Structure formats: C-alpha cells, structure tokens
Amino acid sequence: MIIKGVIYISEYRIKDIDSAIMGFRGQYSFLSNMYEGSMFEYRGLRYKNVEAAFQSRKNTKREQDFEMLTGKEAKQLGRHVALRKDWEQVKYGIMYEIVYLKFTKNKELQAKLLETDDRELIELNTWNDKTWGVVYNSTTKKYEGDNMLGKILMGVREAIRHNYK
C-alpha cells in the first residue's frame, strides 16, 4: 500500500473506540515516529527514529543534517528547510517506506506491531496535527483529522502479515 495524494477528512470515524489504540504513548510508544528503540539505515544514512528519516527527505540536499537527531530536533529542523518541489505528492509514500523499514528491520518491533492484531491505530494528539493524526474536538465531541500515520501503520501491519506468513 503506497498512499498518494492528499486525503481530507473533517471527521474521523473510529470503528470500535473500545478496542482502538488511542495515541502512541506508554506501552504503545513504539508506534510513534519519535520512538528511538533502535537505529536503522535509510538511503545510506543512519537514523535513531522515523521522524528524522522522514524530515530528511523534505530537502534531499540536506539529508545528512538529520542523521542522528532526536525526533524533536528533526521536526524542528524540518520546519526550516526549503521543501522539495514534489513534497506534497511524495510525502505519504516516503512515510510508508520508512515506517515499513522500521518494522521489517527490527523483529522485536515487528512482533509488537503484529501483537496489536486488528485494532485500529489512532495517532491521537494534543498538538493539533490533523494530517498525520486526529484531535478530539471537545465542542463537537468528535475526532477530527486524517490519521495518516495510523493508516500507514495499519497498512504496514497488513503487509507484514501478508509477506511474512
């Protein structure tokens, strides 16, 4: 599953809120792009987390600047680099590729992802990221956002199940 284009969703409908994993903290912190549980190589460079690898692709001339950064440092630097012209068209595919690499190169993380079974993975956040996650609107009592990271994680989980049986 490679996600292309932009999906706009004003309201995110959770299939089963009782079984959904709502946020990538605590025992589910390994699902976060900021998780630094293992080093991995991507495009010849070494990264401590998905966030740094992802941010590095915003400007291919600055990829090395992101190597070995924490997720927080990478996100901050990523806000200040000139974006490649095709960024909006390629960012979802890049995220999928890096998340897939994270979970296929690390058997411990792969097992943890598979242990989530068929539970819906929701990147619930409080920093108002409605593209990669969802935000709870206390006025409307609804979840808003695209949950693209959650969708990518569920797609990677399904691909691993299919490819590693």
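Two strands are taken to pair if DSSP finds at least two bridges between them, and strands themselves (E, at least two residues), like helices (H or I, at least four residues), are DSSP runs numbered from the N terminus. In this predicted model, strand β5 (residues 134–137) and strand β6 (residues 142–145) run antiparallel and are joined by 4 bridges. Asparagine 137 has lysine 142 of β6 as its bridge partner, and tyrosine 136 stands opposite tyrosine 143 in β6. The two strands form a hairpin with 4 residues between them, and in that turn lysine 141 has a positive phi of about 60°.

The model is a predicted one, in which local features need pLDDT of at least 70 and side-chain atom pairs count only at pLDDT 80 or more, while totals for chains, interfaces and linings use all residues. Residues are numbered from 1 along each chain as its sequence is written, and side-chain values use heavy atoms, with hydrogens and water left out.

The predictor's confidence in each residue, pLDDT, runs from 0 to 100; its mean over the protein is 91, and 93% of the residues reach 70 or more. Over residues 1–9, however, pLDDT stays under 50, and for this stretch the model has 20 contacts (heavy atoms within 4.5 Å) beyond four places in sequence.

The protein contains 5 helices and 6 strands, arranged along the sequence as β-β-β-α-α-α-α-β-β-β-α. Its radius of gyration, taken over C-alpha atoms, is 16 Å, close to the 15 Å that the globule rule (2.2 Å times the number of residues to the power 0.38) gives for 165 residues, so the protein is as compact as a globular protein of that length. Along the principal axes, the C-alpha atoms fill a box of roughly 45 × 40 × 30 Å.

Helix α4 (residues 107–114) packs against α5 (residues 148–163) and also against α3 (residues 87–105). Axes are lines fitted to C-alpha atoms, for helices over the stretch in contact, and angles run from 0 to 180 degrees between N-to-C directions.

| Helix pair | Axes come within | Crossing angle |
|---|---|---|
| α4 and α5 | 10 Å | roughly 105° |
| α3 and α4 | 5 Å | roughly 105° |

The contact of α4 with α5 is made by Gln110, Leu113 and Leu114 of α4 and by Leu153, Val156, Arg157, Ile160 and Arg161 of α5. On the α3 side, Lys102, Phe103, Thr104 and Lys105 meet Lys107, Leu109, Gln110 and Leu113 of α4.
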